[in-house]
Amino acid sequence: MKIHEYQAKEIFEDYGVAVPKGKVADSTEHAVKIAKEMKSEGADLFVVKAQIHAGGRGKGRTKKNNASGVILCESVEEVQEAASNLLGDVLVTKQTGEEGKEVNQIYVTEGVDIEEELYLGILMDRARERNVLMASTEGGMNIEEVAEETPEKIVKEWVEPGMDLMHNQARHIAFALGLSGDAFKKAVKFIMSLYDAFEDTDASLIEINPLILTPDQEVYALDAKMSFDDNALGRHPDIEKMRDESEIDPMELEASKHDLNYIKLDGNVGCMVNGAGLAMATMDMIKLSGGEPANFLDVGGGANVDTVKNGFRIILDDPNVEAILINIFGGIVRCDRVANGVLEAVKDPEIADKVEDVPIIVRLQGTNAEEGKKLIDESDLNVISAVLLKDAAEEVNNVVA
Amino acid sequence: MSVLVDKNSRVVVQGMTGSEGSFHAEQMINYGTNVVAGVTPGKGDQKHLDRPVFNTVADAVEQEEADTSIIFVPPAFAADAITESAFAGIEVIICISEGIPVQDMVKAKQVVRSHGATLIGPNCPGVITPGEAKVGIMPGNIFESGSIGLISRSGTLTYEAVDQITKEGLGQSTAIGIGGDPIIGTNHTDAVKLFDEDPDTEAIVLIGEIGGTAEEEAAEYIQNNVDKPVAAFIAGSTAPPGRRMGHAGAIISGGTGTAEAKKKALRNAGVAVAESPAEIGKTLKSIL
C-alpha cells in the first residue's frame with residue numbers, strides 16, 4: 001500500500017526523523033491559513049506540493065492550468081494562487097500516464113535553503129533476503145539511472161536478519177555522504193530513526209529524494225515516498241487508515257471488495273483464471289494468439305457462481321473487451337461445477353445483455369474436465385468450450401482475428 | 001527415487017484441526033501419505049482423522065518421530081509455526097499459508113537455516129512424489145510416477161504443466177511448488193541442485209514468473225553445473241511494470257524481474273524455454 005508524502009512525513013516526525021514544517025490542505029482557504037500561520041512563525045518561503053501517489057511531480061504539469069506539481073512561493077498570495085491552480089486539476093507526470101491524477105490535497109511546507117541534495121532509501125533486497133539501506137551523494141536524480149551509470153556513487157548497508165541497524169552502519173552511510181561535524185551527528189540519528197520507522201511499520205519501501213543538507217548544517221527529508229507490505233497491514237490499523245481509495249482504479253477497488261485479484265490493462269481480451277501464475281500465463285497466451293490482455297484476474301480457489309458473476313461484471317465494465325477467456329484448472333474444484341457456474345452467470349439478465357456481442361471461451365481442465373465441456377457444448381448459450389490450452393489459444397485467435 | 005518427501009516421510013500437520021488443515025490432511029491420507037500426527041496448541045489430548053493431535057511440534061517429533069511438517073495456520077502466526085518446526089528438529093518444513101509479512105519471513109528463514117532444516121514455501125502448493133507421498137494441496141490424480149523433476153512458483157500453473165507432461169507420457173520424480181512470495185525457503189537454484197543430485201530424475205522442468213532474479217541465478221547455476229536436460233516457462237511477459245500480479249513476489253520493479261530477462265538468461269544457459277504456456281510438455285519432450 002502506498003501513502004502520500006505528507007502521511008510519510010507524519011510517520012517520520014513520530015520517529016524523530018527531521019522534516020521541514022508542513023501541513024496538508026484540501027482547500028485554498030485552508031492552504032492560505034496554513035501559510036499565514038507559518039509566516040507568523042517567521043517563514044518567508046513556502047512550497048506547495050500536489051499530493052498524488054506518483055513521482056515526477058516537479059516536472060509534471062496539470063491539464064487545465066498547466067501548473068507544476070511542486071510550486072515555490074514567496075508570499076501568502078502566491079500560496080493562494082498555487083493552491084487554487086492545483087486543487088481539483090489533474091496532474092500528469094512521467095509516472096501517472098496520460099490520464100494523470102486528480103489533485104485533492106496539497107502539502108504546504110516551509111521553504112528551506114539547500115546546500116546539498118543527497119539520496120537515502122530503504123527496501124528489501126530480495127536476492128540477499130534482508131533489508132538494505134542505499135545512499136548516494138547524487139540526490140535529486142533518478143536513482144535507477146545513477147545505479148546504471150555511476151554505481152560507485154551508491155553505498156549500501158545490509159541489515160542482518162533479526163538484528164537492528166547497527167550504529168556503525170549508520171556512521172558508514174553518513175561518512176559516505178561526505179558529512180562531518182554537526183551534520184554528521186544529525187545524519188546518523190536521522191538514519192537510525194528512519195530505520196526504526198521502516199522496521200516498526202512493516203514498510204516495504206522508504207525513499208527520500210532528496211535528503212538535504214542546509215547551509216546551517218541541518219539534515220531534512222525534503223521529499224518522502226513510503227509504501228507498506230500489504231500482508232502486514234493487519235497488525236497496523238493506524239497505517240491501514242491512511243489508505244486513499246481515490247488513488248485506486250474504481251474497478252480494482254470493486255474487485256477487492258469481492259476478494260478478487262484484478263488489475264486493469266488496456267487490451268481487448270478479458271480473462272478470468274484460478275491462480276496467479278496461470279492467470280499471468282493466460283495473459284501471455286492471449287498475446288501470442290493475436291490479442292492483447294484486457295486484465296489480470298485471479299478468482300482464487302473456489303470458482304463458484306458468485307465469483308464468476310462478479311468477475312464477469314468487472315471485466316465487462318471495460319468497453320475495450322471484445323472477448324473473454326475463462327481458464328480454470330480444476331483440482332479440488334471440479335470442472336463440471338465451474339461449467340454450471342459459468343452457464344448460470346451468463347444467464348443472469350445483467351450479464352446476458354452485455355455478453356451478446358462478446359464471445360466467451362471457457363477452457364476447463366483437470367478433474368471432470370470432459371463433463372464440464374459437455375455441459376457447455378450442450379447448452380444453447382454463446383459459449384465456446386475447450387479442454388487443451390492450445391485449443392483455447394486457437395479459439396482466442398479465431399474470435400479476435 | 002525422489003527428493004524431499006517419499007513413502008517413509010513421517011508427516012505432522014500444523015493446524016490439522018482447522019478447516020483447511022483438516023480438509024487437506026484427509027486428502028493427503030487418502031493419497032497414501034504417512035501422516036503421523038497433527039498439532040494444534042491447546043488440543044493436545046484429542047484425536048483427529050484417527051491421528052493423535054499434540055500441543056507442540058516437539059511432542060509430535062518425540063512421540064511419533066515426525067520428520068516432515070506441513071503448515072496450514074493463518075498467515076499472522078505462520079512464521080511462528082515455521083520456527084516451531086525448526087526448533088523441534090523437523091527436517092523438511094512445507095508452509096502452505098499465504099500472506100505472511102515479509103519481515104517475518106526474513107527472520108524465520110534465518111532460524112530455519114541455523115537449525116539445518118529445509119523450508120519449502122510459503123505461499124506454495126507443497127511437494128508431491130507421485131505414488132509415494134503428497135505433502136501439499138495439489139490434486140494427486142494428475143501426477144504420474146516417473147523421472148521428470150518439476151519446480152514451480154505457482155499452484156494451478158504447476159498443475160497445467162504436470163498435466164501436459166503426463167500427457168506426453170512422462171511421469172514425475174517429484175514436483176516442488178516453491179512458492180510465490182519474495183522470500184521463500186527453497187529457491188529455484190536450491191531445487192535444481194536437489195534434482196541434479198537425484199539419480200532418478202532425468203530431466204528438470206522449471207516454471208518461473210516475473211519478479212526478483214531467482215530464475216537468472218538458477219540459469220547461471222545450470223550453465224555451470226547441470227548436465228541434465230532442462231525445460232522452462234516464464235509467466236508474465238505481458239505483465240505491466242510496478243504492479244503485483246497476484247503473488248506477493250510477482251512484480252517488475254526498477255527494470256528487474258522481467259520475463260524477457262529471465263528467458264534470455266535461461267536460453268543462454270542452454271535451457272529449452274517454451275514461449276507459450278501451452279507448449280511446456282512439447283518443449284520438454286523435444287529435448288529428451
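Residues are numbered from 1 along each chain as its sequence is written, and chains are lettered from A in the order in which they are written. In this predicted model, local features need pLDDT of at least 70 and side-chain atom pairs count only at pLDDT 80 or more, while totals for chains, interfaces and linings use all residues; side-chain values use heavy atoms, with hydrogens and water left out.

**View 1. The interface between chain A and chain B.** On the chain A side, 44 residues are in contact with 58 residues of chain B, where contact means heavy atoms within 4.5 Å. The size of an interface is often given as the accessible area lost when the parts come together. Between chain A and chain B the buried area is about 3800 Å², that is, the accessible area (1.4 Å probe) that the two parts lose on being put together, summed over both. Carbon and sulfur atoms give 60% of this area.

View 2. Six salt bridges are counted between chain A and chain B, a salt bridge being a side-chain nitrogen of Lys or Arg within 4 Å of a carboxyl oxygen of Asp or Glu. A salt bridge links the side chains of A:E252 and B:R243, at 2.7 Å from N to O. The chain A elements that give two or more residues to the side touching chain B are β9 (130–136), α6 (181–200), β14 (261–264), α9 (276–288), β18 (360–366) and α14 (389–400). Helices (H or I, at least four residues) and strands (E, at least two) are DSSP runs, numbered from the N terminus. The largest share of this side, ten residues, comes from α9(A). By residue kind, the side of chain A that touches chain B divides into 21 nonpolar, ten polar and 13 charged residues. Here Ala, Val, Leu, Ile, Met, Phe, Trp, Tyr, Cys and Pro count as nonpolar, Asp, Glu, Lys and Arg as charged, and the others, Gly among them, as polar.

View 3. A:E5 lies in helix α1 (residues 5–14) of chain A. This residue counts as buried because its relative accessibility is 4%; buried means under 20% relative accessible area, exposed over 50%, and partly exposed in between (1.4 Å probe, protein chains only). The side chain of A:E5 makes a polar contact of 2.7 Å with that of A:K49 and another, of 3.0 Å, with the side chain of A:R57. Residues up to four places away in sequence aside, A:E5 touches A:K49, A:Q51, A:R57, A:Y107, A:L222, A:D223 and A:A224.

**View 4. Surroundings of B:T201.** B:T201 sits in the loop between α6 (188–197) and β12 (203–209) of chain B. With a relative accessible area of 1%, B:T201 is buried. Its side chain makes a polar contact of 2.5 Å with the side chain of B:D198. Beyond neighbours within four places in sequence, B:T201 is in contact with B:S147, B:I148, B:G149, B:S173, B:F195 and B:K228. B:T166, 35 residues from B:T201 in sequence, is 15 Å away in space, C-alpha to C-alpha.

**View 5. Two cis peptide bonds.** In chain A, a cis peptide bond with omega of about 10° joins A:N209 and A:P210. A:P210 is in strand β11 (residues 203–213). In chain B, the cis peptide bond joins B:G121 and B:P122, with omega about 10°. B:P122 is found in the loop between β7 (118–120) and β8 (126–129) of chain B.

View 6. A:N66 is not a glycine, although its phi is positive, at about 55°. The loop between β3 (61–62) and β4 (70–73) of chain A holds A:N66, which counts as exposed at 53% relative accessibility. Phi of B:L49, also a residue other than glycine, is near 55°. B:L49 lies in the loop between β3 (47–48) and β4 (51–54) of chain B and counts as partly exposed at 25% relative accessibility.

Key:
Polar contact = N/O pair within 3.5 Å; in protein donor to acceptor, adjacent residues only side chain to side chain.
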